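Look at the sequence and the model below.

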Amino acid sequence: MNNNLQDFKKLLKNKKDQKIFIITGKKSFKASGASKLIGPLLENFDAKFFFKNQYFPSFIELEKIILNLKKYKPTLIVAIGGGCVMDYAKIANFLVFSKNLKNEIKKGSYSSKNKFCELVAIPTTAGSGAEVTANSVIYIENQKYSVEDKQIKPDHFYLIPELILKNSIKIKNSAGFDAVSQAVESLFSLRSDEASLAFAKKSLELSLKNFIPYVSNPNKDNSIKMLIASNLAGKAISISKTTAPHALSYPFSSHFNISHGHAVSLTFNNCLKFNFENLNKSNSNFNLSKRFEILFKATKTKNIKELDNFFLKFKKSSGLITNYNNLKINIHKEADKILSEVNQQRLKNNPIKMTYNDLKSILINQSE
């Protein structure tokens with residue numbers, strides 16, 4: 001896979017005299033090294049920066065970005081950052097001419113179907129694969145909404161390992177586990193097909209081997225492999241979409257400020273066990289048991305108990321805290337609030353239908 005820094009330089013050579021709008025985070029732009037690596041490449045352009053302030057993509061900040069786009073009228077948008085930056089850039093570029101932005105996002109029906117301009121995505125985390133996905137998320141009054149359309153995908157992406165080398169352990173383990181979970185969930189999604197299956201298997205092959213080394217001892221080799229794993233996982237879920245662990249994750253982020261991949265990890269094991277224990281209730285058009293065999297083989301485990309232990313150790317080795325008490329979450333007190341905000345769109349992709357009581361059991365009876 002090419003799409004590296006040299007390729008980005010080549011793109012810029014063909015964009016002389018164009019106006020470039022850069023969406024990034026003020027701290028992350030500097031901390032990732034993008035200010036030194038990419039900043040100088042933009043010096044000879046008519047360029048305007050928008051530095052986002054919110055940790056999670058918020059509707060209020062999205063509106064500010066759209067106002068800036070309308071006023072500045074760029075011919076190229078460059079998104080440099082993690083999932084939040086990508087979400088902002090993709091939605092703003094797609095819905096800039098929306099007639100009623102908030103209502104259209106809530107209803108999932110968009111009056112605008114044309115991009116504002118060309119969009120380049122340069123991730124500074126190895127996790128969501130947002131640089132290749134056809135969806136983005138936005139929070140409106142603490143409620144998470146998805147914006148999905150083929151037109152939302154960036155036109156170009158560039159994977160630059162130097163930009164993720166200095167990420168904190170918190171960013172690395174959360175983003176990295178998101179990539180792992182996306183690939184696993186894609187295996188089991190009702191919308192899975194042969195193409196998404198191939199992307200998911202290749203992603204897991206790379207992430208399971210490189211995730212822990214990348215977190216504990218990052219180098220250029222395991223960094224680029226994690227970027228590719230993330231990219232492949234993004235391609236997989238762009239087809240299949242995610243399932244129960246993602247459906248349950250969003251309230252943890254909005255109410256308890258837990259980063260996305262970390263939030264996904266909290267119910268990941270119990271969702272796996274639930275699906276395995278209810279194989280005979282599968283609604284999939286594929287053999288769910290055989291999909292588990294793919295995962296057993298990838299993790300070198302023989303049964304669901306070994307698989308559960310594998311991922312418990314995997315999360316612990318990466319430094320992810322998965323005990324609710326250690327995260328200062330009273331799960332018995334908060335369960336109903338969390339379950340009232342489960343993303344039904346994602347939950348519908350799960351191969352086994354989950355009732356409210358099933359979800360509550362998954363949420364409370366946490367694997368330790």
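In which sense do strand S4 (residues 118-123) and S7 pair, and over how many bridges? This is a predicted model, and in it S4 and S7 pair in the parallel sense over two bridges. Ala 121 has Phe 157 in S7 as its bridge partner.

These two strands belong to an open sheet of five strands, in the order S2-S1-S3-S4-S7, with parallel pairing. Strand S2 (46-52) and strand S7 (156-157) each have a single partner strand, so they stand at the edges and one side of each is left without a neighbour in the sheet.

Next come the helices that lie on the sheet. Helix H1 (residues 5-13) lies across strand S1 (19-25), strand S3 (76-81), S4 and S7, and runs at about 155° to S4. Helix H4 (residues 59-72) also packs on the sheet, where it touches S1, S2 and S3. The direction of H4 makes about 170° with that of S2.

Two packed helices are described by the angle between their axes and the distance between the axes. For helix H11 (residues 260-277) and helix H16 (residues 356-364), the angle is about 135° and the axes are 8 Å apart. Angles over 145 degrees would count as roughly antiparallel and those from 65 to 115 as roughly perpendicular, so H11 is oblique to H16. Their crossing is right-handed.

Which residues make this contact? H11 contributes Thr 267, Asn 270, Cys 271 and Phe 274, while H16 contributes Asp 358, Ser 361, Ile 362 and Leu 363. Sorted by class, the contact of H11 with H16 has four nonpolar, three polar and one charged residues.

Terms used:
Residues numbered from 1 in each chain as written. Predicted model: local features only at pLDDT ≥ 70, side-chain atom pairs only at ≥ 80, totals over all residues. Heavy atoms only, no water. Pairing = 2+ DSSP bridges. Helix = DSSP H or I, 4+ residues; strand = E, 2+ residues; numbered from the N terminus. Contact = heavy atoms within 4.5 Å. Axes fitted to C-alpha atoms, helices over the stretch in contact; angles between N-to-C directions. Parallel < 35°, antiparallel > 145°, perpendicular 65-115°, else oblique. Left-handed = near helix turned anticlockwise from the far one by under 90°. Nonpolar A, V, L, I, M, F, W, Y, C, P; charged D, E, K, R; others polar.
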